[in-house]
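This briefing describes one protein chain, shown below.

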Amino acid sequence: MNRYQGAFWKNPIEAIVTIVVILLAVGCINVFSASQVAAEDMFGNSKHYLYRYAMFAVGGLVVMWALSFVNYRFWLKKPDFWAAFTVLLLGLVIYKGAVVKGAQRWIEIAGGVSFQPSEAAKIVVIFICAAAMGRRIDLRKKANLFSASFIWALIMGVLVYIQPDLGTAAIIVGLSLGLHFICGLPKQQYLLLFGGVPLLAVLLATRAAYRAERLQAWLDPWSYADRTGYQAVQSMLAIGSGGWSGVGPGQGSSKFHYLPEAHTDFSFAVFCQEWGFIGAALVIILFMALSYMLWRAAGNVPDGAGYVIVTGANVLLTGQAVANIAMVCGLLPVIGVPLPFISYGGTSLLINMAMLGIALNAARQGRERREVPKSGVEPRPHLRLVKG
């Protein structure tokens, strides 16, 4: 009997696609509302960012659909090539990247179109982890933190940190660490993970004067309300003013130059102001449902590499969602992490959709394998990870 019978969806794949479409619809509405003032001032067209977001959303759906039919093992054949190529792009950004608001993170292509290699680095980290750890999982072996996959992630993280972009660098390295942790490590490496990583994070966060002040502003934003803590204070004021049901769609005042980055990093604050606690709770529930369905899908993939692919997509999306919502609410320092599907950002949206498409392919192969077993052979139950 189908375990999804009687539920909202027939299987996790259908659920994931439906939830993503709903999140894109919410993002479309919120990007228009949060960006219309800035778009009018900069381009003379209040719908400028709405049109671009819609274009990337449609393109992302096409990419997700197309990649869901490409065997996920294709991306794992030459992991070192993908890693080296990404490192080359990140180096090119440092050498000749476009500088926007003091950060050198983009490569300009043509016609005002730019590409952010640090976003692509996130998906490449999942590829190299899947290629390295997939076989070890199948053989019931533990992962190894001192591996080429983590070294590649560390190199990418350092190059992104130089741009400077500590938030994305933390995501790249943290994604690799998270996948190693989930797949199981020797006990000694767990001690290194929980002891060394927090210490390194504190050292990097306090190395630059502006980062140290940002950390102080996180602990006491109101004392820095006119300087480093301005974004955090304005974000919390926007969220608090929304109350239970919000001030109404399009009626939020924070986007009128009170809240910087209102349509990107702090778009969720605008959403909370206009839709209130109820709207915010619904968005959080959607992300929780997406994470749960990806977790269910990961349990049915055909091999260890597929497990890392689907789990990596889950960690990437859920981790960024948690980090952004926590940042906007003042629970984390301002680290410049967008909210998947809700924040404006073309490269980020396309990368997220591409990763989901690859994960859907792994999930589909696992589902087909269960439904159409080979003659006389039961489908192999999904691997069980080695206990640490």
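Thr168 is buried, its relative accessible area being 4%; buried denotes under 20% relative accessible area with a 1.4 Å probe, protein chains only. The model is predicted, so local features need pLDDT of at least 70 and side-chain atom pairs pLDDT 80 or more, while totals for chains, interfaces and linings use all residues. Residues are numbered from 1 along each chain as its sequence is written, and side-chain values use heavy atoms, without hydrogens and water.

- Thr168 is located in helix H6; helices are DSSP runs of H or I with at least four residues, strands are runs of E with at least two, and both are numbered from the N terminus.
- Leaving aside residues up to four places away in sequence, Thr168 touches Ser118, Lys122 and Val160 (contact: heavy atoms within 4.5 Å).

**Packing of H6 and H11**

- Helix H6 (residues 166-183) packs against helix H11 (residues 304-328) at about 130°, with the axes 10 Å apart.
- From H6, Ile171, Leu175, Leu179, Ile182 and Cys183 meet residues of H11 including Tyr307, Val308 and Gln320.
- The residues of this H6 and H11 contact comprise nine nonpolar, three polar and no charged.

**Whole chain**

- The chain contains twelve helices and three strands.
- Of its 388 residues, 50% are buried.
- Among contacts between residues at least 6 apart in sequence, 71% join residues at least 24 apart.

How values were computed: Axes are lines fitted to C-alpha atoms, for helices over the stretch in contact, and angles run from 0 to 180 degrees between N-to-C directions. Ala, Val, Leu, Ile, Met, Phe, Trp, Tyr, Cys and Pro count as nonpolar, Asp, Glu, Lys and Arg as charged, and the others, Gly among them, as polar.
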